[in-house]
2 protein chains.
Amino acid sequence: MTEVTGRTKVWAILADPIHHVKTPQALNAHMRERGVDGVLIPAHVGADDLAGLVSGLKAMRNLGGFIVTVPHKTAMVDLCDEVSEPARAIGAVNTVRRNADGRLVGEMLDGAGFVAGLRQGGIEPNGKSVYLAGAGGAANAIAFALAEAGVSSLIIANRTRSKGEDLKQRLEQRYPSVPVEIGTPDPSGHDIVVNATSLGLREGDPLPLDASRLSPNQVVAEIIMQPETTALLAAAKERGCRTHPGRPMLSCQLDLMADFMGMHP
Amino acid sequence: MTEVTGRTKVWAILADPIHHVKTPQALNAHMRERGVDGVLIPAHVGADDLAGLVSGLKAMRNLGGFIVTVPHKTAMVDLCDEVSEPARAIGAVNTVRRNADGRLVGEMLDGAGFVAGLRQGGIEPNGKSVYLAGAGGAANAIAFALAEAGVSSLIIANRTRSKGEDLKQRLEQRYPSVPVEIGTPDPSGHDIVVNATSLGLREGDPLPLDASRLSPNQVVAEIIMQPETTALLAAAKERGCRTHPGRPMLSCQLDLMADFMGMHP
């Protein structure tokens with residue numbers, strides 16, 4: 001990376017644990033490629049200390065912003081001075097811009113990253129019916145981004161039905177023109193099938209949906225990056241579906257984060 | 001510098017203004033040479049916001065510590081959990097270590113850097129009589145470090161006599177065995193003559209002392225780095241004195257700072 005001087009602008013990622021994060025490497029490379037005189041550092045902070053560190057960082061005038069990850073995404077909503085409407089409805093913030101006046105503006109870019117990744121892969125969700133497995137943090141972000149992208153309908157299938165119902169209600173409030181329904185494990189009949197659960201991360205995980213009901217006209221998309229070909233994607237390929245891996249969600253999101261946090265030369 | 005990852009430890013320098021600081025370049029090079037996985041970043045913070053940022057940084061578990069410079073050295077004393085006795089007597093802290101439990105330990109290394117620089121230049125202050133021009137921040141730090149090094153006597157010459165008297169009192173309290181006197185502009189009769197004022201920084205500055213009274217058996221030392229040969233050092237050379245420039249004070253202090261803040265591999 002370029003040398004850090006007194007003129008270098010600073011960004012951070014707040015997490016606990018911190019050792020495994022890959023964002024510093026990715027966004028420092030991003031800045032190097034674009035000629036930004038900046039550095040993104042890891043900031044290891046526990047849940048009890050998050051508010052204190054964030055309040056302190058507001059005062060750091062050469063701080064451009066920070067990324068927020070596990071376990072801080074939910075708590076960060078109330079620590080921002082301003083939060084986008086979708087991020088507030090989702091109840092999570094993962095990217096914060098520090099304005100010149102010290103105000104912290106929060107946004108949730110997981111879902112926008114997923115949609116940008118789909119589009120980069122040549123899959124346009126606008127006008128399509130989408131089956132979404134999951135109603136947790138990632139599923140929330142993706143559901144709102146898909147509604148924003150103008151899907152024709154959204155089917156939410158979650159093991160715990162009440163969480164799915166809750167997500168449905170918040171979606172309908174913000175996007176009244178998008179039909180949302182609660183689904184079963186059967187994904188048949190929908191254009192795009194998305195796994196937004198963590199099932200597939202560990203070997204031996206059950207499938208997040210009934211893959212025997214998939215048919216060749218469907219697209220099956222993952223949010224899991226590792227393994228690259230999850231059991232679901234393997235089953236979908238076998239059934240003749242077009243598949244979309246988890247990686248583009250992250251790579252596209254990194255660009256969105258850099259833009260949002262003002263990583264410009 | 002080496003790539004920043006989730007495992008990289010972080011240090012900072014707190015200052016206002018920040019653009020001109022050179023510590024990031026110096027200490028990042030220091031860490032690179034020693035194989036430390038760390039990065040030192042600039043943190044631009046105003047006087048009103050110092051307490052808030054410092055309190056926030058206490059919570060950052062991968063922060064090793066920070067350097068404090070203009071205008072924060074005095075205020076930092078009360079923001080540390082623990083301050084060395086000399087730093088408290090000097091009334092300034094310029095280096096802070098963050099212990100693993102979050103406690104901030106403050107030290108003032110300007111004077112120790114000056115003494116280490118003298119020794120690096122082959123000049124041992126122990127047992128010598130020293131004439132010190134100035135009683136400001138730098139002079140305070142240097143006076144305490146010279147007393148600690150065991151000078152045989154210390155003569156303080158300052159334009160504002162009361163500031164010199166005040167420094168004398170604090171020195172005598174901590175080092176009762178070191179004779180301290182208030183001097184005149186005449187530096188004659190002392191082994192080592194030190195300029196610890198800012199006179200010489202700007203072209204046309206008056207000399208900090210009466211150079212016509214210097215004699216070849218004296219050592220004349222500067223704290224001003226730029227110009228490398230101040231008017232005082234030029235006059236001292238002309239009078240046949242051995243001279244010692246301002247640069248070693250900084251370079252030696254950087255090593256002391258790195259050690260104090262735990263910049264180890």
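Leaving aside neighbours within four places in sequence, which residues is A:Leu132 in contact with? Here, contact means that two C-beta atoms, placed from the backbone, lie within 7 Å. On that count A:Leu132 touches A:Ala139, A:Ile142, A:Ala143, A:Leu154, A:Ile155, A:Ile156, A:Ala157, A:Val194 and A:Ala196.

Before going on, note that this is a predicted model: local features need pLDDT of at least 70, side-chain atom pairs count only at pLDDT 80 or more, and totals for chains, interfaces and linings use all residues. Residues are numbered from 1 along each chain as its sequence is written, while chains are lettered from A and ligands numbered from 1 in the order in which they are written.

Back to A:Leu132: together with B:Leu132, it has the most contacts inside the largest nonpolar core, a set of 181 residues. Such a core joins buried Ala, Val, Leu, Ile, Met, Phe, Trp, Tyr and Cys residues through C-beta atoms within 7 Å, where buried means 20 or more other C-beta atoms within 10 Å of a residue's own.

Now for the place where the chains meet. There, 32 residues of chain A are in contact with 32 residues of chain B. On the chain A side, α1 (23–34), β2 (38–44) and α2 (50–57) each give two or more residues (helices are DSSP runs of H or I, at least four residues; strands are runs of E, at least two; both are numbered from the N terminus). The largest share, six residues, comes from β2(A).

Note on methods:
Buried ≥ 20, exposed ≤ 12 C-beta atoms within 10 Å, placed from the backbone.
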